[in-house]
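The sequence and structure come first, followed by the notes.

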Amino acid sequence: MSDLWVTLVDVVSSVLFVAGAALALVGTLGLHRLADTRSRMHAATKPATLGVALCALGAVLQLSSASDVTKVVVVVVLQLVTSPIGAHMLGRAVGDN
Amino acid sequence: MNAAEMVAIVLLVAAAIVGIARVVRRSSLGDRAVALDALTAVITCTLLVGASREDDGLMLDLAVLLGLMGFLASVTVARFIESRKDDQ
């Protein structure tokens, strides 16, 4: 039972890591493919929130100490709060071009 | 488990190379700022994967720092672009 549980957690966190990494790759590919700056911003903000959140969830499943888990939570909250603000300011600065 | 982490790291390195190519290629300042923002996210993901691989808290400290620095950087660049627009 315990072995099965460990294997299950490993598989789930592996899937989360690969999904987050794949999202990061798709996002940066979108920077090349999309037409104007705002569309590119649309591609770039996906790995900034969901990609980091998926990787963080995968890391939380593997980490052993509570302080490390707290740091991961801080990383995710910081990313979720600051990334829209940065994107908003950049989007306003970029204007119509 | 290790194989999946390796796959994730390979994908993240590929993402970083694609993002750096976007920054280096001739493009506008706003595009570069957006690409650097995406690169910060990619590096944060890499640090998180690395931290779980090594079970190492130091990488998580770096991830927190990187999140703060990335936010300050993109806000600074945005304000710079705005101020340059006002000058014209």
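In this predicted model, A4(B) counts as partly exposed because 19 C-beta neighbours lie inside 10 Å, whereas a buried residue needs 20 or more. The residue belongs to helix 1 of chain B, which covers residues 2-24.

**A4(B) and its surroundings**
- Leaving aside residues up to four places away in sequence, A4(B) touches S14(A), F17(A) and V18(A).
- Between A4(B) and G70(B) the C-alpha to C-alpha distance is 27 Å, and the two are 66 residues apart in sequence.

**Contact between the chains**
- The contact involves 43 residues of chain B and 44 residues of chain A.
- On the side of chain B that touches chain A, at least two residues come from each of helix 1, helix 2 (29-54) and helix 3 (57-87) of chain B.
- Helix 2 of chain B gives the most to this side, with 15 residues.
- By class, the side of chain B that touches chain A consists of 27 nonpolar, 8 polar and 8 charged residues.

**Helix 2 of chain B**
- Of the 26 residues of helix 2 of chain B, 20 are buried, so this helix is largely enclosed by the rest of the structure.
- From first C-alpha to last, helix 2 of chain B reaches 37 Å, close to the 38 Å expected at 1.5 Å a residue.

**Helix 2 of chain A**
- The end C-alpha atoms of helix 2 of chain A are 37 Å apart, which agrees with the 38 Å that its 26 residues should span at 1.5 Å a residue.
- At G51(A), helix 2 of chain A bends by about 30°.

**Packing of helices 2 and 3 in chain A**
- Helix 2 (residues 37-62) and helix 3 (residues 66-94) of chain A pack with their axes 10 Å apart, at an angle of about 175°.
- Angles over 145 degrees count as roughly antiparallel, and helix 2 of chain A and helix 3 of chain A are therefore roughly antiparallel to each other.
- Helix 2 of chain A contributes residues including M41(A), T45(A), A48(A), V52(A) and A56(A) to this contact, and helix 3 of chain A contributes residues including V72(A), V76(A), L80(A), A87(A) and L90(A).
- The residues of the contact of helix 2 of chain A with helix 3 of chain A comprise 15 nonpolar, 6 polar and 1 charged.

Key. Residues numbered from 1 in each chain as written. Chains lettered and ligands numbered in written order. Predicted model: local features only at pLDDT ≥ 70, side-chain atom pairs only at ≥ 80, totals over all residues. Helix = DSSP H or I, 4+ residues; strand = E, 2+ residues; numbered from the N terminus. Buried ≥ 20, exposed ≤ 12 C-beta atoms within 10 Å, placed from the backbone. Contact = placed C-beta atoms within 7 Å. Nonpolar A, V, L, I, M, F, W, Y, C, P; charged D, E, K, R; others polar. Axes fitted to C-alpha atoms, helices over the stretch in contact; angles between N-to-C directions. Parallel < 35°, antiparallel > 145°, perpendicular 65-115°, else oblique. Expected span 1.5 Å × (residues − 1). Bend = angle between axes of the 7 residues up to and from the residue.
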